[in-house]
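Keep the viewer open as you read.

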Amino acid sequence: MRILVFTKLLTVGRFLGVVDELASRGHDVVLAFAERERQRPHPEDLLSAPASIRYYVPFADDARRRSLDLLQRARDYAWYLEPAHEVASFSRRRALERLVRAASGHRRGADPSWPDPVVALEPDLVARLGELLDELERQVPADPGVVRFVAEQEPDVVLATPLIRPWMHQAEAVKAAAVLGIPSGAPVYSLDTLSNKGCMHCRPDRVWAWNEIHRRELVELHRIDPDHIEVTGAPHWDGFFELEPSCSRAELCARFGFDADRPIVLYLGSSKASRDEPAIVTRWLGAVRTSRALRDANVLVRPHPGERDADRWTEWAAPPGAALSERGAKADQSLYDELHHADVAVGLNTSAQIEASILGKPVYTFAGGELAPGQGGSLHFYYLLEGSGGVYTYAETLAEHVRQLERGVAGDFDREAIRRFCELIVRPRGLERPVAPIVADAVLALAGSRSPVPVET
């Protein structure tokens with residue numbers, strides 16, 4: 001079979017296991033990237049099995065692109081006005097900023113001093129507004145150029161991921177597949193994709209979710225038919241499950257000038273959760289050092305990969321007893337090593353906290369305050385906390401947080417709860433079962449579900 005995958009170079013890495021699985025079974029996999037990515041390094045170097053690369057132009061008509069972009073930004077902001085998103089202040093403000101940018105054509109978006117929401121609307125009116133914008137977008141036909149591109153590839157199935165990012169316009173690929181009578185599917189990209197990136201601007205024939213949380217979000221937030229959802233697990237962590245430590249604890253400690261006899265506290269940096277995470281880390285470290293049990297603990301700070309080169313991190317100087325994680329070519333391996341040898345992990349709101357759970361490490365978080373609007377202002381944050389089905393231990397104050405850390409370093413945490421959480425979030429079909437083959441089976445089943453219908457393109 002021929003599988004056409006619309007994706008992006010920065011996101012394709014999360015699905016290389018699925019691509020390899022399909023290609024290794026003898027199927028023809030085509031990765032479709034927007035024309036603007038042609039000059040970037042080719043992803044075939046990352047694949048262990050062959051895949052074809054194709055480039056397409058999302059919109060030949062720029063006026064059409066701008067109009068649709070404005071409509072989709074308006075839909076996203078209206079979506080965040082719904083009662084289900086009441087706590088999602090960070091996501092709502094970001095959607096407003098993008099809407100203002102799309103409407104004005106300026107790089108700068110909404111004034112951060114604007115009230116949230118800008119206009120308070122009754123739930124019934126918000127629902128009606130969402131329905132009208134949804135219907136309006138349904139009336140916009142698929143881009144003719146994308147329809148031609150899909151038809152030329154003659155696929156048995158079309159996939160699009162991450163899909164829920166309006167500026168990528170991957171909805172056009174799903175719409176084009178529908179025009180051509182080709183089944184379409186969307187693997188969920190990340191834990192927060194369905195709550196933190198905007199609404200789904202099309203409805204594929206199948207959505208492959210990580211877990212039951214995703215299933216619920218797809219039904220309740222995106223109005224996807226439950227029969228069109230399949231829970232498979234998260235395929236991109238298959239490789240992480242297979243890793244083993246590449247160094248001993250003594251070697252890791254020597255690398256950072258740590259005392260191997262002292263506990264290791266690993267701070268995991270976030271991507272967009274904080275405006276100034278080094279400032280938060282400095283304040284956090286000050287609180288940690290007030291504890292007799294943690295005064296001499298080794299503290300390793302690992303910035304988020306997307307933030308590591310930011311001036312605020314390159315200018316940050318680690319105090320005695322703390323160190324900044326090194327940047328290496330094998331990011332997964334270095335993260336694995338640091339988590340494996342750490343006693344506890346701390347973070348505001350980052351996917352690396354899930355990787356900590358994969359290794360059975362207790363995770364702690366604390367209120368980041370005004371400097372961290374992307375923490376409590378994001379809906380998915382609450383899914384991970386104790387009392388909400390998660391295992392992350394949360395503290396409103398640093399004093400409370402330090403007491404929790406003391407217990408964690410002493411080994412006072414529920415290991416079985418961490419294992420259950422990891423299974424719930426990452427591998428709901430069993431911790432020992434890799435997910436990429438499950439997704440590949442699902443893709444092939446969808447590809448064989450119906451035959452393409454020839455149409456005039």
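## The largest cavity

Helix α1 gives the most to the lining of the largest cavity, with 3 residues. Helices here (H or I, at least four residues) and strands (E, at least two) are DSSP runs, numbered from the N terminus. α1 (16-24) and α18 (436-447) each supply at least two residues of that lining. By class, that makes 10 nonpolar, 2 polar and no charged residues; Ala, Val, Leu, Ile, Met, Phe, Trp, Tyr, Cys and Pro count as nonpolar, Asp, Glu, Lys and Arg as charged, and the others, Gly among them, as polar.

The volume of this cavity is about 90 Å³, and the structure holds 6 cavities of 30 Å³ or more. On a 1 Å grid over the protein atoms alone, a cavity is a set of points where a 1.4 Å probe fits but cannot get out, while a pocket is an open set with protein on both sides within 12 Å along at least five of seven lines; lining residues have an atom within 4 Å of a point. Grid points are joined across faces, edges and corners, and a volume is the space filled by probe spheres set on the points.

## What you are looking at

This is a predicted model, in which local features need pLDDT of at least 70 and side-chain atom pairs count only at pLDDT 80 or more, whereas totals for chains, interfaces and linings use all residues. Residues are numbered from 1 along each chain as its sequence is written, and side-chain values use heavy atoms, with hydrogens and water left out.

## The second largest pocket

How much space lies in the second largest pocket? About 430 Å³. Of the 20 residues that line this pocket, R65, D69, R73, W167 and H169 are the closest to its centre. The lining divides into 7 nonpolar, 3 polar and 10 charged residues.

Helix α2 gives the most to this lining, with 5 residues. Both α2 and α3 (89-104) supply at least two residues each.

## Two helix pairs

α2 also turns up in a helix pair. Helix α2 (residues 62-80) and helix α4 (residues 123-138) pack at an angle of about 155 degrees, with their axes 9 Å apart. So α2 is roughly antiparallel to α4. Axes are lines fitted to C-alpha atoms, for helices over the stretch in contact, and angles run from 0 to 180 degrees between N-to-C directions. Angles under 35 degrees count as roughly parallel, over 145 as roughly antiparallel, 65 to 115 as roughly perpendicular and the rest as oblique. α2 passes α4 in a left-handed crossing; a crossing is left-handed if the near helix is turned anticlockwise from the far one by less than a right angle, and right-handed if clockwise.

Now try the other pair. Helix α11 (residues 277-288) and helix α16 (residues 398-409) pack at about 60 degrees, with their axes 9 Å apart. That angle makes α11 oblique to α16, and their crossing is right-handed.

Most residues other than glycine have a negative phi, and most peptide bonds are trans. Which residues does a cis peptide bond join, with omega about -5 degrees? They are D116 and P117, and P117 is found in the loop between α3 and α4. The peptide bond from T161 to P162 is also cis, with omega near 15 degrees.

L163 lies in the loop between β4 and α6, and its phi is near 65 degrees, a positive value in a residue other than glycine. Is L163 buried or exposed? L163 is buried, with a relative accessible area of 8%; buried means under 20%, exposed over 50%, and partly exposed in between (1.4 Å probe, protein chains only). E154, in the loop between α5 (144-153) and β4, has a positive phi of about 50 degrees although it is not a glycine. E154 is exposed, at 63% relative accessible area.

P50 lies in the loop between β2 (28-34) and β3 (52-56), and P50 is exposed, with a relative accessible area of 69%.

L384 lies in the loop between α15 (373-376) and β13 (393-395) and is buried, with a relative accessible area of 2%. L384 and A442 are 58 residues apart in sequence and 27 Å apart in space, C-alpha to C-alpha.
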